[in-house]
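Have the sequence and the 3D view ready.

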Amino acid sequence: MVGANILLVESDKTSAPSFAPALEKRGYAVTIAHGSAEAVARAQSTGPAVIVLDAASLKTSGARMCRDLRKVLPQARILLVVDKKSLPFDNGAGADLILQHPFTPRKLLNGVSRLLPAGEGTTLQVGPIKLNLAQRKVKCGAREDRLTPKEAKLLEVLMRHAGEVVSRKMLIKQVWETDYTGDTRTLDVHVSWLRAVIEPNPLRPRYLKTLRGQGYRLDAGSSE
């Protein structure tokens with residue numbers, strides 16, 4: 001997503017897995033801080049739209065850090081990650097959303113997306129592919145095209161799950177809003193149309209891959 005700045009506050013210990021790769025893969029601009037004072041300084045300098053506070057990796061409840069961040073950046077949305085053993089959290093500290101381990105990276109990304117201010121999510125970017133959701137325009141390299149509503153929705157779903165295999169059933173349900181999967185020719189045709197727009201050579205897809213018997217996957221993690 002273009003223009004969405006995320007402040008990630010997490011432990012600097014290598015044993016603690018970082019959320020940064022998942023956030024960056026989705027296209028966010030990620031700034032990392034490793035402690036309370038650094039987080040406050042980074043928040044003041046970058047003005048993030050969403051703060052992901054990984055209190056679990058910091059071995060803290062996160063309550064004090066939430067309050068400190070709220071003082072310097074009251075308009076920012078805070079997603080707090082807590083350990084599965086944590087006691088019920090007193091949300092008087094001001095977290096907008098709390099995720100408790102265990103959860104998938106997708107759930108974290110969905111949470112961040114929900115907290116973004118209106119307008120921040122109007123443009124998606126995965127590698128060289130940029131999709132303006134409001135205008136239904138896709139740009140890949142020097143080429144820019146306007147998509148039909150179904151093409152735009154299909155590309156949006158694939159971009160939001162970039163690097164993942166998305167089943168035909170899921171695509172049909174999300175794009176055409178039906179559970180009927182008896183005929184997938186319409187989906188295949190729309191995939192062909194998308195390839196004609198985003199692929200240098202639609203006959204040899206570089207980005208939008210078919211996984212026979214499974215579905216489709218958008219592999220466009222780096223600009224070329």
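## A helix across the sheet

Helix α4 (residues 105-115) lies across β1, β3 (50-54), β4 (77-82) and β5, and runs at about 160 degrees to β4. Helices here are DSSP runs of H or I with at least four residues, strands are runs of E with at least two, and both are numbered from the N terminus. Angles go from 0 to 180 degrees between N-to-C directions, with axes fitted as lines to C-alpha atoms (for helices, over the stretch in contact).

This is a predicted model, where local features need pLDDT of at least 70 and side-chain atom pairs count only at pLDDT 80 or more, while totals for chains, interfaces and linings use all residues. Residues are numbered from 1 along each chain as its sequence is written, and side-chain values use heavy atoms, leaving out hydrogens and water.

## The sheet itself

What is the strand order in the open sheet? Its 5 strands go β2-β1-β3-β4-β5, with parallel pairing (a pair needs at least two DSSP bridges). β2 (29-33) and β5 (97-100) are at the edges with a single partner strand each, so one side of each has no neighbour in the sheet. From one strand to the next, the twist averages 20 degrees.

Strand β1 (residues 5-9) is joined to β2 by 5 bridges, and L7 has T31 of β2 as its bridge partner. Helix α2 (residues 36-46) packs on the sheet, touching β1 and β2 (contact means heavy atoms within 4.5 Å).

## Two packed helices

Helix α5 (residues 149-160) and helix α7 (residues 185-198) pack at about 85 degrees, their axes 10 Å apart. That makes α5 and α7 roughly perpendicular (65 to 115 degrees; under 35 is roughly parallel, over 145 roughly antiparallel, and the rest oblique). Among the residues making the contact are L154 and L158 of α5, and W193 and L194 of α7.
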